[in-house]
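Visitor: I would like a quick tour of this protein. Please take it one question at a time.

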Amino acid sequence: MTVLDEILSDLTAESLQLDQWVAGLPADGWAAVTTPEGWTVAHQIAHLHWTDSTSLAAIVDPDEFGRIMLAAAEDPFGFIDTATEEMALLPPEDLLVVWREGRVELDAALRGVPDGEKIPWFGPAMNPASMATARIMETWAHGHDVAEALGITVPESSRAKHVCHIGVRARPYAYLVRGEQDPGVDIRVELTGPDGDLWTWGPDDAAERVTGSGHDFALLATRRRHLDDVDVRAEGEHAAHWLTIVQAFAGLPGADPVPLADR
């Protein structure tokens with residue numbers, strides 16, 4: 001099994017988990033509010049489907065992807081929300097069908113990208129493994145929003161490692177998007193997975209460190225939890241600051257998460 005096969009297998013598993021949570025929902029379940037901004041369960045699935053469809057277009061339909069890029073240029077801060085709002089108007093049963101079909105189509109398209117070829121995107125072009133990893137991160141994060149709104153306890157799984165990986169690799173971007181200077185200081189990251197295995201990034205001998213739960217770091221990196229509410233610790237000034245701005249997704253960071261005690 002190739003690295004891409006393994007990542008796509010995890011993407012399928014993450015998507016199926018969310019699918020099982022929403023498949024039998026009545027209409028009021030799809031209307032459940034999942035975010036302070038008012039996104040419902042339908043918005044969450046619509047957003048995931050839109051991003052899958054856009055990823056597919058980037059691979060197989062350059063003209064369509066070009067139109068999407070043009071819309072992004074005309075409304076850089078609102079085009080994703082606009083597309084999500086439109087797609088969320090679909091009847092839930094139809095939205096579920098197109099989301100499922102889109103996942104299958106994207107899986108096949110990613111497997112078909114020729115070796116060494118990169119996929120255009122809104123930022124740097126990505127290889128198929130990177131795009132699949134990004135899809136896991138988004139599905140994991142938005143799935144958490146849905147589960148929390150529906151009163152479902154999200155099971156911890158090793159798939160959170162993909163989310164952590166993006167969070168660590170995107171450290172320079174976290175500074176950039178906030179207008180801060182990257183201090184250029186190495187940080188060793190050591191996180192514990194749900195099976196007790198250690199996930200590591202960075203030099204062994206780095207003076208500064210981040211340690212703790214991999215699941216909790218993923219929550220922090222997707223900005224689903226405040227630092228006060230996660231089992232993640234920093235050693236060193238730069239590591240401590242990074243944990244306040246860590247971000248695994250592209251775009252503006254949005255509002256800071258509110259501590260659970262203040263909700």
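Guide: Two strands pair if DSSP finds at least two bridges between them. Helices (H or I, at least four residues) and strands (E, at least two) are DSSP runs, numbered from the N terminus. This is a predicted model, in which local features need pLDDT of at least 70, side-chain atom pairs count only at pLDDT 80 or more, and totals for chains, interfaces and linings use all residues. Residues are numbered from 1 along each chain as its sequence is written, and side-chain values use heavy atoms, with hydrogens and water left out.

Visitor: In which sense do strand 3 and strand 4 pair, and over how many bridges?
Guide: Strand 3 covers residues 208-213. Within this pair, T211 has R233 of strand 4 as its bridge partner. The sense is antiparallel, and the bridges number four.

Visitor: In what order do the strands of the open sheet lie?
Guide: Strand 1 pairs with strand 3 in the parallel sense, over six bridges. R188 stands opposite R209 of strand 3. Strand 1 also pairs with strand 2, here antiparallel over four bridges. The pairing is therefore mixed, and the order of the four strands is 2-1-3-4.

Visitor: Why is one side of strand 2 and of strand 4 left without a neighbour in the sheet?
Guide: Strand 2 spans 198-201 and strand 4 spans 232-235.

Visitor: Which residue of the hairpin of strand 1 and strand 2 takes a positive phi?
Guide: V189 stands opposite W201 in strand 2. The hairpin has five residues between its strands. The positive phi, near 90 degrees, belongs to G196.

Visitor: What angle does helix 8 make with strand 2?
Guide: Helix 8 (residues 160-169) packs on the sheet and touches strand 1 (187-192) and strand 2. Contact means heavy atoms within 4.5 Å. Axes are lines fitted to C-alpha atoms, for helices over the stretch in contact, and angles run from 0 to 180 degrees between N-to-C directions. The angle with strand 2 is about 20 degrees.

Visitor: Which residues of helix 11 are buried?
Guide: Helix 11 (residues 237-245) lies across strand 1, strand 3 and strand 4. Its cover includes helix 8, helix 9 (171-177) and helix 10 (214-221). Buried means under 20% relative accessible area, exposed over 50%, partly exposed in between (1.4 Å probe, protein chains only). The buried residues are A239, W242, L243 and I245.

Visitor: Is E14 buried or exposed?
Guide: E14 lies in helix 1. Leaving aside neighbours within four places in sequence, its contacts are I136, T139, W140, S157 and R159. Its relative accessible area is 4%, so E14 is buried.

Visitor: And P36, buried or exposed?
Guide: P36 sits in the loop between helix 2 (27-30) and helix 3. C-alpha to C-alpha, P36 and H47 are 16 Å apart. The relative accessibility of P36 is 83%, so this residue counts as exposed.

Visitor: Which feature does UniProt place at residues 187-234?
Guide: UniProt positions are given in the numbering used here, feature names are shortened, and annotations may be inferred rather than shown by experiment. In the model, this span is 17% helix and 40% strand. Its end C-alpha atoms lie 10 Å apart. The unreviewed entry names it "domain: tRNA wybutosine-synthesis".

Visitor: What percentages of helix and strand does the chain have over residues 12-147?
Guide: For this range, UniProt lists "domain: Mycothiol-dependent maleylpyruvate isomerase metal-binding", again from an unreviewed entry. The end C-alpha atoms are 17 Å apart. The chain here is 72% helix and 0% strand.
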